[in-house]
Amino acid sequence: MPSPFPENSVGLVTPQCLHFDEPLVLRSGKRIASYDLMVETYGTLNAARSNAILVCHALSGDHHAAGYHKESDTKPGWWDNCIGPGKPIDTRKFFVVCLNNLGGCAGSTGPTSLNPETGTFYGPDFPVVTVRDWVNSQARLMDRLGIAQWAAVIGGSLGGMQVMRWSISYPERLRHAIMIAVAPKLSAQNIAFNEVARQSITADPHFHEGRYLEHGTYPKKGVMLARMVGHITYLSDSAMREKFGKASEELPSEAIKSNFGRDLRSGKLSFGLDVDFQVESYLHYQGERFSERFDANTYLLMTKALDYFDPTVDYDGDLAKAFEHSQCRFLLMSFSSDWRFPPERTREIVNALLKARKPVSYLEIDADQGHDAFLLPVPRYMQALSTYLARVSDEVNR
Amino acid sequence: MRPDLDIIQHWIEPGSRVLDLGCGDGSLLEYLKREKGVSELGLEIDERKIHACLEKGVNVIQQDLDKSLANFCDKSFDTVLLTQTLQAVSYPDALIEEMLRIGHKVIVTFPNFGNWRSRVYLSFKGRMPVSNFMPYQWYDTPNIHFCTVKDFDALCRERHIRVMARTVVDHKHQGSWMIRQWPNLLGETAIYHLSR
C-alpha cells in the first residue's frame, strides 16, 4: 500500500513511555520519586552512537515533533517542517530524540498523572519544575538511550533555554548548541504577559484551586484566555495585518486596500458585543482548540519555568561566566519581527559568548511572522539550519 | 587565494585568535583555520556571504561594521583584519581605533586611490575613475571613503598608530623595487600591519 504521507515525512511514528525509578531532586528542593518520560525518536543511531540530536520543545510542545501517529492524522508533529528525510534535521543522517518534559500533559509525569503518595491526581501538588530540572531529566534519558554525547541540542524559545542550560550544566555532553528565538532570561514585559495568562486560569470558577480533575470539570475559559493572550505575543503586528487583511484585496477602492487586518467576520458591524472582526474569531478558535488538548496546571508550570529561567543565577549574574566551561560550538538565530524575544535579546547571549571567547555564529533572519517564525519554514532560516547541520553530520558520521 | 591575502597570512601567528571584519565568504578565515589552526570569527552583513561562511564551517556573526563594535572586549583577539573594506565604511578612522582596541595587532588592506591609473583617468577624462579594479559609478559605489597611501600614512602619524609593516603591490600583487620606490604612484593595493 502506498504511504499516505509526503515523501519527506518520517511517516508513522510511535511514542514510547520510559519509566525512571531513581528519584529526581528538583531545583526547588522537592523531589519526584519516580517518573515517566514520553519519548519519540526518528532516524537511526549510528554504530559510534554519535549522531544523536536532542530537540527540546517550547511552552506548548511535546514529544510529537514530526510524522504522524495514525494514518488519519491531518496534522504532523509540531516541527515537521524541520525534521525528516532531506529536511534541515535530516533523519537520514541523524537520530533525533524528542521528549515531553516533566510536568507536561502529553504522557510524561505531570499534573494529570496519579500521585503514588495520595492515589489521586497530582494537580496543583505537582512540584514547580525548572529548565534545569528538565535538562537533568533529559540527561538521564540520554544515559538510558546509551548516548554519551549529543551531536547537537536544538530548541526554539523555551526550548532554546534548555539548550543554553545544556551547554552550561553538561559542557562535555554536546558538540553543538543551536538556539533559536531565545533570550537569556525573561523581561518584565514577558513575565507580565505570563502573569495575565496565569490569572486567567486561576480566576476561572472551574479552576477549584487546581483540583478541577477531582471535581470532574475543567477551567476551559481560563485556558482559552491564557492562550489568546499568549498567541498575540507570538505574532507580529504585520503578520496579523496580513493574516486578517486578505479580503481587502477584493475591496474596490485603493484607499481602503490597506485595512490594517481589520477584516470583518460577517461583512458588517454588529453594534453589540458579538465577534465583529476576523482576528477575534481566530483567537477564539485558537484558544478553544488549545484548551481541548492542554492541561491548565501544566500551562501554569510552563509559564513559571519560563519566568524562573536565569542561567546566571550561580554566576553572580554574569552570563559570560556561566558559559566559561562550555565546550560546544554555538549557533543562534533570531527573527526581525519577534517582539517576544527580539534580536537584541538574542544578541545578549551572543555577546556573552564572545566575552567568554566561545565559538559562535549568529544570524538575524528577516521574517514577518513574529516569534512564531521559529516554527515556520522561513527559507533563509531553514537553509542556514540545513547547512550548519550538514557540517555537523560530516563531523559525527565519519 | 587573493594575493593580498597571501601576503597578510604570513603575519598571522599559528593558533592565534583572528577577527575578520567584513569577512565575505569566509575564504581567508577558512584558510587560516585549516593551515594555522586559528580560532576564527568573521563579521558580515550580506546574507549570501554569511551562508557561504556556514558552508565552510567558519564562525560568523551578522553584524554591521558601521554600527558599534562595543560588544567586543578590549584585546580579545590577537589580530583584527579589515581587507578591502576600509573605503566602504562610514567612519574609517573610528573603525581603525576600535580595531586597535579589540586586537593586539591590526591588518588593513585598501585600494590605493593615489595609483597612477586613477590620476591619469581623472586628469585626462575629468571623471571619477572606473576600472576593473573599481568598477562602480560615483553614484552607486559602496566605496565612500577612498584614500591614498600618503593619506593613510598621515592618519597613522596623527593618531600615533605604529606601522609595523607596509606592503604596496600592483594588480599582479608583486612588490617590485619600483613600487617600493614610488608606492603611492604605482601601488594598487596597500597592506598595513598596525599596532599601538
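Trainee: In this predicted model, what is the handedness of the crossing of α1(A) and α2(A)?

Mentor: The crossing of α1(A) and α2(A) is right-handed, a term used when the near helix is turned clockwise from the far one by less than a right angle.

Trainee: Which residues make that contact?

Mentor: From α1(A) come A:V131, A:R132, A:W134 and A:V135, while α2(A) supplies A:M161, A:Q162, A:R165, A:W166 and A:S169. Sorted by class, the contact of α1(A) with α2(A) holds five nonpolar, two polar and two charged residues.

Trainee: How do the two helices lie, and why is α1(A) called roughly perpendicular to α2(A)?

Mentor: Helix α1 of chain A, residues 131-144, packs against helix α2 of chain A, residues 158-169, at an angle of about 70 degrees, and their axes are 9 Å apart. Angles of 65 to 115 degrees count as roughly perpendicular, and therefore α1(A) is described as roughly perpendicular to α2(A).

Trainee: Turning to chain B, what radius of gyration does it have, and how does one judge that value against a compact globule?

Mentor: A compact globule of 196 residues would have a radius of gyration near 16 Å, and because chain B has 16 Å, the value agrees with that expectation. The C-alpha atoms of chain B fill a box of roughly 45 × 35 × 30 Å along the principal axes.

Trainee: What share of the residues of chain B count as buried?

Mentor: Of its 196 residues, 41% count as buried, the criterion being 20 or more other C-beta atoms within 10 Å of a residue's own.

Technical notes: Residues are numbered from 1 along each chain as its sequence is written. Chains are lettered from A and ligands numbered from 1 in the order in which they are written. This is a predicted model: local features need pLDDT of at least 70, side-chain atom pairs count only at pLDDT 80 or more; totals for chains, interfaces and linings use all residues. The radius of gyration is taken over C-alpha atoms; the globule rule is 2.2 Å times the number of residues to the power 0.38. A residue is buried if 20 or more other C-beta atoms lie within 10 Å of its own, exposed if 12 or fewer, and partly exposed in between; C-beta atoms are placed from the backbone. Axes are lines fitted to C-alpha atoms, for helices over the stretch in contact, and angles run from 0 to 180 degrees between N-to-C directions. Helices (H or I, at least four residues) and strands (E, at least two) are DSSP runs, numbered from the N terminus. Angles under 35 degrees count as roughly parallel, over 145 as roughly antiparallel, 65 to 115 as roughly perpendicular and the rest as oblique. Two residues are in contact if their C-beta atoms, placed from the backbone, lie within 7 Å. Ala, Val, Leu, Ile, Met, Phe, Trp, Tyr, Cys and Pro count as nonpolar, Asp, Glu, Lys and Arg as charged, and the others, Gly among them, as polar.
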